[in-house]
Amino acid sequence: MAAAPPSDFNGGKVESSEAGSKWLDAHYDPLASIHTFSACLALADLHGDGEYKLVVGDLGPGGQQPRLKVLKGPRVLTESPLSELPAAAVTFLKDHHEPRTPALALASGPCVYVYKNLRPYFKFSLPPLPVNPLEEDLWDQAKEDRIDPLTLKEMLEGIREKAEVPLSVQSLRFLQLELSEMEAFVNQHKSKAIKRQTVITTMTTLKKNLADEDAVSCLVLGTENRELLVLDPEAFTTLATMKLPSVPAFLEVSGQFDVEFRLAAACRNGNVYILRRDSKCPKYCIELSAQPVGLVRVHKVLVVGSNQDSLHGFTHKGKRLWTVQMPAAILTMNLLEQHSRGLQAVMAGLANGEVRIYQDKTLLNVIRTPDAVTSLCFGRFGREDNTLIMTTRGGGLIIKILKRTAVFVEGGGELGPPPAQATKLSVPRKTRLYVDQTLREREAGTAMHRTFQTDLYLLRLRAARAYVQALESSLSPVSATAREPLKLHAVVQGLGPTFKLTLHLQNTSAARPLLGLLVCFLHNEALYALPRAFFKVPLLVPGLSYPLETFVESLSDKGISDVIKVLVLREGQSAPLLSAHINMPVSEGLAAA
Amino acid sequence: MAEERHPTRTQFPASAETQKPHLKKAPEFPILEKQNWLIHLHYIRKDYEACKAIIKQQLQETQGLCEYAIYVQALIFRLEGNIQESLELFQTCAVLSPQCADNLKQVARSLFLLGKHKAATEVYNEAAKLNQKDWEIYHNLGVCYIYLKQFNKAQDQLHHALQLNRHDLTYIMLGKIHLLVGDLDKAMEIYKKAVEFSPENTELLTTLGLLYLQVGIYQKAFEHLGNALTYDPINYKAILAAGSMMQTHGDFDVALTKYRVVASAVPESPPLWNNIGMCFFGKKKYVAAISCLKRANYLAPFDWKILYNLGLVHLTMQQYASAFHFLSAAINFQPKMGELYMLLAVALTNLEDTENAKRAYDKAVCLDKYNPLINLNYAVLLYNQGEKRDALTQYQEMEKKVNLLKDSSSLEYDSEMVEMAQKLGAALQVGEALVWTKSVKDPKSKQRTTSTSKASGFQQPLGSNQALGQAMSSAAAYSKLPSGKERSQMKNLS
């Protein structure tokens with residue numbers, strides 16, 4: 001591994017933050033095209049020759065071409081296609097035969113494929129689930145044509161509503177059909193026995209009866225129908241079955257099956273359940289109130305990563321010990337175990353392209369990678385003891401070797417005050433002019449104040465006067481009198497010399513219609529000509545806006561404009577109800593001509 | 001394969017490709033849940049695009065029967081903000097498996113997010129019937145009731161949730177109810193319990209710290225805020241509160257370094273710039289203080305505390321005309337505070353508008369019950385105007401207030417203020433102002449008098465406390481100015 005040519009990696013990019021990094025960059029191939037999860041990575045001496053290989057259950061780009069790849073160093077040794085996507089890959093010793101080469105187990109769909117010496121050796125299928133007896137009975141009747149499709153449908157629906165045991169796919173599919181298709185469906189499928197099958201969601205290993213490194217291990221499977229199965233390593237019989245309240249997504253086991261073991265299962269409902277040897281159902285429950293994204297046991301502490309960007313530490317009884325906040329979403333987690341120094345730590349691959357290594361809540365190391373790491377694995381690879389294997393979101397493969405001199409110490413990551421504390425405050429600057437003005441104010445503050453107050457009073461007075469005047473002469477476009485609540489606004493359209501003037505008149509009273517109103521235009525007759533300067537307004541229904549249109553002809557060719565006043569009057573009264581001043585635009589048409 | 005063993009199970013050659021349909025004609029149905037684990041893995045690592053692709057494929061294969069795929073699709077829709085669509089999908093899930101409480105929970109959650117709290121409570125109650133041990137249902141029910149303003153019911157539900165399983169969130173919601181009702185003590189009790197339960201939750205620590213601050217238990221407040229900061233050194237709420245406490249103790253430089261963190265986290269926070277401004281003020285960098293306060297004012301133009309501080313700084317800069325504007329603006333927003341009128345009066349006195357100054361003092365005296373400074377300043381003004389009798393009344397009023405305060409707490413007054421009062425007392429010939437001597441001699445805690453700003457909001461309780469402390473000294477500084485005149489008057493008299 002150490003001999004792997006460093007030629008094909010971009011040293012500058014893969015480098016860890018510190019100059020004296022703890023890691024040697026062994027290999028980086030951004031185009032390795034490995035798309036997988038941490039659960040599908042395993043390191044093992046598959047041929048018993050002392051060369052540890054990397055086993056990858058590869059989902060393929062877009063999860064389309066699942067493959068089993070075995071890598072020796074950076075090279076792909078063998079590659080074989082899989083029929084279904086691999087959910088987990090583990091290596092384990094299944095018997096005491098010499099040479100003690102580990103077997104490889106690959107969980108995929110409802111089966112576990114066991115390989116020995118990289119050759120297919122055995123296939124274990126999950127036992128089919130019990131079918132609902134009522135349902136079975138119904139299909140039996142259908143087989144003998146003693147029941148018509150419609151009754152079948154009704155009966156099946158009844159079972160779906162109430163029964164504990166869910167229906168088989170066949171029945172569910174049948175329930176979806178239209179009336180016309182039912183007959184054919186029944187005829188096609190009635191001879192087949194109905195069955196329910198589940199799939200494996202996760203898999204791990206559990207030592208059988210010895211704690212040694214090279215002891216025989218059982219396989220532990222988590223299934224979609226909320227069960228955990230422990231398989232005998234030799235006969236592949238089910239040794240134990242445990243029930244969970246939800247579907248397990250990650251498993252973590254310690255102990256030995258024949259002695260005592262603890263099983264932690266992180267489930268899809270956001271809880272982590274802890275089971276023991278003699279318990280058929282969970283003994284403790286950790287409620288995360290978020291989705292777990294990884295589960296790792298470090299010594300006696302269960303470390304759970306949640307999708308709210310945090311790592312939590314729990315005791316094996318489910319008591320929370322600590323919480324650490326991450327700078328980005330956690331994508332994957334795995335255990336880092338350095339046997340030579342007796343170190344165990346958690347590695348977490350984050351969405352911001354960092355891999356953080358924590359021992360309890362102290363950050364030991366941060367590795368920056370060119371792409372977000374989606375799967376992690378640490379252990380012996382080739383002949384090198386401490387190798388870190390990472391695959392990235394884009395399908396890249398990164399291999400790093402921990403320097404033999406490297407010692408993880410606390411504070412290897414960030415410590416001390418946050419970096420923001422070192423940046424200066426951006427206090428807005430003041431100009432020379434500001435200072436001068438300040439000085440002037442100091443000298444002549446009283447005068448300024450007086451002038452200001454006087455002007456303010458004058459302003460208020462003027463405003464009040466103008467307001468009174470407007471009220472008196474109904475100059476405003478809104479009439480506030482109780483009898484004729486009206487609103488007016490005007491729009492001028494066109495470039496000239498002919499404009500279209502539209503008045504929008506609205507009766508704002510709650511219920512009373514208005515009748516007998518007149519509109520009158522006042523304008524300079526030298527400048528503008530209107531077809532009708534005076535007309536009657538139709539009855540105004542409350543709430544509606546009435547557009548009243550008229551044309552205005554501009555007579556001047558000098559490019560000047562004037563104001564047209566619009567008055568709304570009540571019949572028989574000389575004082576207008578309201579008025580509007582319309583600033584006419586300059587006639588562009590004439591100017592151009 | 002050659003050395004095939006013979007266990008009990010069915011077995012076929014495990015060569016990868018071969019085990020497809022072994023029974024002929026009638027097509028095998030795919031297992032509905034085949035890719036659920038993959039959907040789940042993509043979902044939890046927030047790879048929604050990949051997730052959606054698999055869901056689509058899975059739904060096509062199973063003709064829409066895969067419940068989990070629909071469920072996750074709905075969750076993603078909800079995260080993307082399409083709540084209505086997610087609600088419909090969750091309802092589909094509930095049809096596919098009517099016995100599942102989880103689907104109902106999600107339906108209720110979507111209803112809740114759509115603001116249909118009433119409907120949400122109904123669905124939650126339905127779900128509670130299916131699963132009686134789920135704290136989340138009860139917690140969410142409680143939250144719904146909070147939004148429906150049925151606080152008693154909400155409390156019951158939240159307590160129920162706590163009994164089932166304790167979660168920080170439930171504590172926070174319970175505390176919120178008490179705060180909404182205005183019951184500080186109960187809220188603090190809840191938060192204390194919560195902190196005991198999860199001592200590292202910074203939100204809980206910060207809130208409890210702020211509550212302590214609000215009731216004036218500074219020691220504990222600082223302790224909790226400090227704890228919050230050790231766990232999360234960039235928690236800006238805690239930094240702001242702790243910083244303002246440092247300001248009260250005059251640690252302006254430390255407070256300023258702490259504020260730098262906040263400035264990078266929330267650069268547009270008005271209380272932050274207010275506090276920074278007052279730090280500079282404390283360090284006598286007035287121009288910087290004014291720029292910061294003006295920024296704060298720009299960010300929150302209707303905050304009277306910032307206007308108050310601006311007025312104060314301008315008074316100190318002897319820019320009385322500007323001070324007048326800021327103070328009158330502040331009074332428009334907060335017409336019930338005596339100190340504001342006093343400062344306005346000080347500005348008016350300096351603008352030689354004695355008439356209005358007196359009226360402002362009258363208003364201040366009538367609003368305030370505890371601050372002797374107002375009466376003292378008023379007395380000085382009256383004395384300078386030659387209205388000795390009125391000045392005497394104010395002086396006695398001030399003595400009363402001082403006596404009252406001395407009984408309740410041991411406070412230290414600004415030395416300038418004491419000196420001024422003694423001088424005035426001598427001038428008014430009321431004999432030695434005995435009231436003061438004692439309090440000056442035992443300067444114990446450096447706590448300032450004012451507790452007025454307690455009613456203030458959460459984030460800036462002390463920025464303006466600071467201001468008030470300064471307000472006193474600056475007002476005293478003002479009263480020092482005419483003291484020259486005063487002395488000359490005295491000489492004339494004698």
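## Basis

In this predicted model, local features need pLDDT of at least 70 and side-chain atom pairs count only at pLDDT 80 or more, while totals for chains, interfaces and linings use all residues. Residues are numbered from 1 along each chain as its sequence is written, chains are lettered from A in the order in which they are written, and side-chain values use heavy atoms, with hydrogens and water left out.

## Chain B and its helix α1

Chain B has 26 helices and zero strands. Helices (H or I, at least four residues) and strands (E, at least two) are DSSP runs, numbered from the N terminus. Of the 494 residues in chain B, 53% are buried. Buried means under 20% relative accessible area, exposed over 50%, and partly exposed in between (1.4 Å probe, protein chains only). Contact means heavy atoms within 4.5 Å. Among contacts in chain B between residues at least 6 apart in sequence, 53% join residues at least 24 apart.

Helix α1 of chain B spans residues 36–44, and nine of its nine residues are buried. Among them are Trp37(B), Leu38(B), His40(B) and Tyr43(B). After α1(B) comes Lys46(B), with a positive phi near 60°.

## Nonpolar cores

A nonpolar core is a set of buried Ala, Val, Leu, Ile, Met, Phe, Trp, Tyr and Cys residues joined through side-chain atoms within 4.5 Å. The largest holds 203 residues. Leu156(A), Phe174(A), Leu311(A), Val72(B) and Ile276(B) touch the most other members. Setting aside neighbours within four places in sequence, Leu156(A) is in contact with Glu135(A), Leu138(A), Trp139(A), Leu167(A), Ser171(A), Phe174(A) and Leu175(A). Another core, of 27 residues, lies apart from the largest one; Leu488(A), Leu501(A), Leu517(A) and Val568(A) are among its members.

## The A–B interface

Chain A puts 84 residues into the contact and chain B puts in 82. Together they bury about 7,300 Å², 59% of it on carbon and sulfur atoms. Buried area is the accessible area (1.4 Å probe) that two parts lose on being put together, summed over both. In chain A, Phe37(A), Arg173(A) and Leu425(A) lose the most area to chain B, together 9% of what that side buries.

Two salt bridges join the chains. A salt bridge is a side-chain nitrogen of Lys or Arg within 4 Å of a carboxyl oxygen of Asp or Glu. Glu200(B) forms one with Lys361(A), the closest N and O atoms being 3.2 Å apart. Helix α6 of chain A (residues 432–472) gives the largest share of the side that touches chain B, 10 residues.

## Salt bridges within chains

The whole structure has 32 salt bridges over all chains. In chain A, Asp95(A) pairs with Lys116(A) (3.8 Å, N to O). Asp95(A) is in the loop between β6 and β7 (103–108), and Lys116(A) is in strand β8, 21 residues apart. Asp95(A) is buried at 7% relative accessibility, and Lys116(A) is buried at 17%.

In chain B, Glu387(B) meets Lys358(B) at 2.3 Å, N to O. This pair links the loop between α21 (372–384) and α22 (388–408) to helix α20 (354–367), 29 residues apart. Glu387(B) is partly exposed at 28%, whereas Lys358(B) is buried at 16%. Asp368(B) and Lys401(B) form another salt bridge (3.7 Å, N to O). Asp368(B) is in the loop between α20 and α21, and Lys401(B) is in helix α22, 33 residues apart. Both are buried. A network of salt bridges links Asp102(B), Lys105(B), Asp134(B) and Glu136(B).

## Positive phi in loops

Most residues other than glycine have a negative phi. Asn117(A) has a positive phi of about 55°. Its place is the loop between β8 (111–116) and β9 (119–125) of chain A. Asn117(A) is partly exposed, with a relative accessible area of 40%.

Lys284(B) has a positive phi of about 65°. It is in the loop between α15 (270–282) and α16 (286–299) of chain B. Lys284(B) is exposed, with a relative accessible area of 60%.
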